[in-house]
Amino acid sequence: MRVLVLHGPNLNLLGEREPEIYGMQTLAEIDATIRTAATELSVDVRSEQHGSEGAIIEALHAARGNCDGAILNPGAYAHYSYAIADAIAAIGIPVIEVHLSNIAAREAFRRTSVTAAACRGTISGLGARGYVLALRALTELLSK
Ligand code: DQA
């Protein structure tokens, strides 16, 4: 089972960026935790971080045919990128959206995710453990 983990804009600054909201862990530390969980689950996982909408869309397209599922934190693109939502719908593999923070409890513009509507499910507000939970959920969904 192959799973792509896609981190969107500004997530490369985790650990320094608003730690009271996003936590103290760096993206490298989060990716290491995901890799450990993937080994336990016998999943082949690859993580990428992209700052631009086009790069995220291209990575989703590349996952088509190469990956069985994907985990996506679109960052702020979640709130307005219909292009990313279309890409998720187009590739035909299950995508789980993850947000570190609880977007439902934040500013009004963050309470809507247009990309979540195209996803198989969403995990929001559970910090970095959300990625591990998403990986477990994908494994279950894909093995059925
Ligand atoms: C985020 C939430 C978004 O609103 C924000 O723009 C981010 C991070 C999260 O993981 O909580 O960049 O996706």
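Colleague: At what angle do the axes of helix α3 and helix α4 cross, and within what distance do they come?
Modeller: The axes of α3 (residues 53–63) and α4 (residues 82–91) cross at roughly 5° and come within 9 Å. This is a predicted model, where local features need pLDDT of at least 70, side-chain atom pairs count only at pLDDT 80 or more, and totals for chains, interfaces and linings use all residues. Residues are numbered from 1 along each chain as its sequence is written, and side-chain values use heavy atoms, leaving out hydrogens and water.

Colleague: So are α3 and α4 roughly parallel or roughly antiparallel?
Modeller: Roughly parallel, therefore (angles under 35 degrees count as such).

Colleague: Nice! Which residues meet there?
Modeller: From α3, Glu53, Ile56, Ile57, Leu60 and His61 meet Ala83, Ile84, Ala87, Ile88 and Ile91 of α4 (contact means heavy atoms within 4.5 Å). That contact of α3 with α4 has 8 nonpolar residues, 1 polar and 1 charged.

Colleague: Switching topic: at what angle do α2 and α5 cross?
Modeller: Helix α2 (residues 27–40) and helix α5 (residues 129–143) have axes that cross at roughly 25° and come within 9 Å. That makes α2 roughly parallel to α5.

Colleague: And which residues of α2 and α5 meet?
Modeller: On the α2 side you'll find Ile30, Thr33, Ile34, Ala37 and Ala38, meeting Tyr131, Val132 and Leu135 in α5.

Colleague: How many residues of that contact of α2 with α5 are charged?
Modeller: The contact of α2 with α5 has no charged residues, with 7 nonpolar and 1 polar.

Conventions:
Axes fitted to C-alpha atoms, helices over the stretch in contact; angles between N-to-C directions. Helix = DSSP H or I, 4+ residues; strand = E, 2+ residues; numbered from the N terminus. Parallel < 35°, antiparallel > 145°, perpendicular 65-115°, else oblique. Nonpolar A, V, L, I, M, F, W, Y, C, P; charged D, E, K, R; others polar.
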